[in-house]
Amino acid sequence: MGSSPNIASVLVVDDSPANLVVLEALLNPLGVRLVEARSGAEALERIAEETFAVMLLDVQMPEMDGFEVARRLRKLENGRDLPIIFVTAIHRDEKYSRQGYASGATDYITKPFDADVLLGRVKGFVGLFQQREKLRHKEVAERTRERDEAMQQLAVLLESERAARREAEIANNAKDEFLATVSHELRTPLNSILGWTMIARRLSPSADIERALATIERSARAQARIIEDVLDTARIISGKLRLEMTTSKVADAIGGAVQAVRPAADAKGVRLESKLNGSIGFISADADRLQQIVWNLLSNAIKFTPKGGRVELTASRVGSIVRVCVTDTGQGIRREFLPYLFEPFRQADGSTTRRHGGLGLGLAIVKQLVDAHGGSVVARSDGEGTGSTFTVELPGCPTPGLVEEGSTGSWRLSALDASAIDVRLDGLRVLVVDDEEDARSLVQRLLTDQGATVGCAPSAEDALTALEATRPNVLVSDVGMPVVDGYTMIRRIRSLPPERGGKTPAIALTAYAREEDVERAFAAGFQAHVSKPIEPGKIISLVANLGRIARASEPPPPTQ
Ligand SMILES: Nc1ncnc2c1ncn2[C@@H]1O[C@H](COP(=O)(O)OP(=O)(O)OP(=O)(O)O)[C@@H](O)[C@H]1O
Ligand SMILES: [Mg+2]
């Protein structure tokens with residue numbers, strides 16, 4: 001039972017019912033709520049249950065006298081500050097009243113007493129109590145109001161935080177979309193530039209034209225790499241970098257990078273030496289990414305080493321670790337710059353008058369790729385003019401030589417030899433689907449040059465008709481096309497029975513090169529994904545491989 005703020009409760013404690021009746025009759029005019037207790041124990045119980053304005057307490061009671069009740073009372077939460085008026089007829093002696101005050105009484109009244117005096121005292125305490133209660137209620141109301149206000153503010157804050165997060169997500173998605181679109185738009189023309197330049201170079205042009213074409217090709221490749229670096233950085237930042245782990249020979253992966261940078265070293269007059277120990281064995285890594293790591297370190301070494309200098313690559317095995325070191329005799333790195341070397345966009349010389357190009361992304365990508373492989377990369381240089389050494393350590397396969405090369409478990413055909421430009425495609429029928437005339441005729445030309453019979457379709461609908469009419473061995477298709485896109489087209493094809501071309505192997509050839517674009521292509525039913533700008537060697541090898549598989553599974557021609 002709780003006390004109401006307006007009606008105060010008064011506890012009257014006496015073992016004599018007659019005394020109770022008298023006291024209650026006396027207090028009645030105060031309009032308070034009277035609660036009676038017939039013993040000390042009962043009084044303590046009542047006090048534990050509710051808050052009283054004042055207590056009238058008899059002294060002489062069996063079992064527990066009033067003094068004892070007062071002492072115990074002070075230990076109760078509700079009793080600590082409760083005013084006690086002792087009312088007694090027997091203990092009139094001075095010593096009892098002293099004892100009463102000592103046990104915590106606020107008053108000690110002996111009988112016979114003046115009714116008005118008692119009434120006045122009780123009234124005083126009731127008034128005090130009501131005042132205190134009013135104050136307490138006001139405080140509670142104030143605190144509740146404050147709490148409600150705080151809750152409201154919190155709710156507003158939460159909502160604005162949620163809205164900010166929603167906006168950030170939208171902005172983030174928009175950024176991803178933007179990157180995908182920009183990369184698509186940049187890759188599409190590059191595809192034509194690179195592809196046709198390569199075709200033109202194969203037509204044995206004059207020395208002048210060959211030099212011009214070689215320059216165009218080199219520049220287009222450099223531009224393609226910048227697009228890749230920006231996309232890689234975006235992937236890393238958004239945590240979307242994925243590795244295609246395979247088991248590959250360390251020497252092969254590194255050899256590819258050395259081969260790719262050798263022309264640049266030769267052109268600059270920098271001696272490039274690689275000391276690859278054939279028994280370094282195998283490494284479990286994403287072969288393309290491993291090549292990218294080494295390529296970046298070698299390119300930097302060549303870029304920052306003047307003519308006549310030397311760049312040396314060594315690869316060795318230390319226990320189960322594969323260690324790759326790239327050392328150069330070039331310009332070296334200032335001690336103060338070393339801690340920032342692997343941060344994106346950081347360059348020792350970022351001025352507009354600097355001697356070397358680049359975005360400052362190479363080493364940041366190297367660091368992320370090495371980390372993702374569970375390895376480490378460190379740079380050492382004794383300062384400007386003293387050359388630099390970059391050391392990469394990666395976990396190798398436990399026993400060199402015991403693992404079978406290419407035992408990847410993955411069926412994807414992503415890491416084919418890009419230089420296989422002389423593979424012949426004689427007798428293969430290929431259908432090329434692309435809404436862009438330039439891109440279509442480029443692939444057609446590349447494949448026709450290798451001996452394939454190539455049909456073209458400018459849309460997914462035309463492709464579906466051509467597929468059934470010409471029954472190609474391999475399909476090469478763009479993905480982003482108006483009306484029906486490549487994903488929908490391949491899903492439709494995959495729903496056809498084998499005799500109508502439902503199982504025709506298909507390559508997605510697209511300028512959308514994000515991780516999710518590749519995933520989507522595989523999920524829709526393509527067997528391979530090639531991003532633009534295309535490497536002619538890669539597309540030719542893929543068509544050759546898929547064509548071989550397709551032809552092997554064709555039913556033999558009926559014998560007469
Ligand atoms: N071998 C090196 N010798 C001297 N300085 C180096 C070497 N490698 C890297 N650096 C310094 O570290 C910076 C960052 O290298 P990073 O490869 O990240 O960028 P970049 O080569 O300038 O541009 P990007 O690689 O994006 O084309 C370089 O600009 C250069 O100042
Ligand atoms: Mg670089």
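Start by selecting Val 476: its bridge partner in strand β16 is Ile 507. What you have open is a predicted model, in which local features need pLDDT of at least 70, side-chain atom pairs count only at pLDDT 80 or more, and totals for chains, interfaces and linings use all residues. Residues are numbered from 1 along each chain as its sequence is written, while chains are lettered from A and ligands numbered from 1 in the order in which they are written.

Now select residues 474-477 and 506-510, which are β15 and β16; they pair in the parallel sense over 3 bridges. Strands (E, at least two residues) and helices (H or I, at least four residues) are DSSP runs, numbered from the N terminus, and two strands pair if DSSP finds at least two bridges between them. In general, strands of a sheet pair through backbone hydrogen bonds, either parallel or antiparallel.

Widen the view to the open sheet of 5 strands, β14-β13-β15-β16-β17, with parallel pairing. Which strands stand at the edges? They are β14 (453-457) and β17 (528-531); each has a single partner strand, so one side of each has no neighbour in the sheet. On average, neighbouring strands here are turned by 20° against each other, direction ignored.

Axes are lines fitted to C-alpha atoms, for helices over the stretch in contact, and angles run from 0 to 180 degrees between N-to-C directions.

**Stop two: another sheet**

Select β2-β1-β3-β4-β5, an open sheet of 5 strands with parallel pairing. The edges are β2 (33-37) and β5 (107-110), each with a single partner strand, so one side of each is left without a neighbour in the sheet.

Zoom to β3 (54-58) and β4 (84-88), paired in the parallel sense over 4 bridges. Met 55 stands opposite Ile 84 of β4. Helix α3 (66-73) packs on this sheet, touching β1 (9-13), β3 and β4.

**Stop three: two crossing helices**

Finally, select α6 (207-237) and α9 (362-372), whose axes come within 10 Å and cross at roughly 45°. That makes α6 oblique to α9, because angles under 35 degrees count as roughly parallel, over 145 as roughly antiparallel, 65 to 115 as roughly perpendicular and the rest as oblique. Show the contact (C-beta atoms, placed from the backbone, within 7 Å): residues making it include Asp 229 and Ile 236 of α6, and Ala 364 and Gln 368 of α9.

Key: Two residues are in contact if their C-beta atoms, placed from the backbone, lie within 7 Å.
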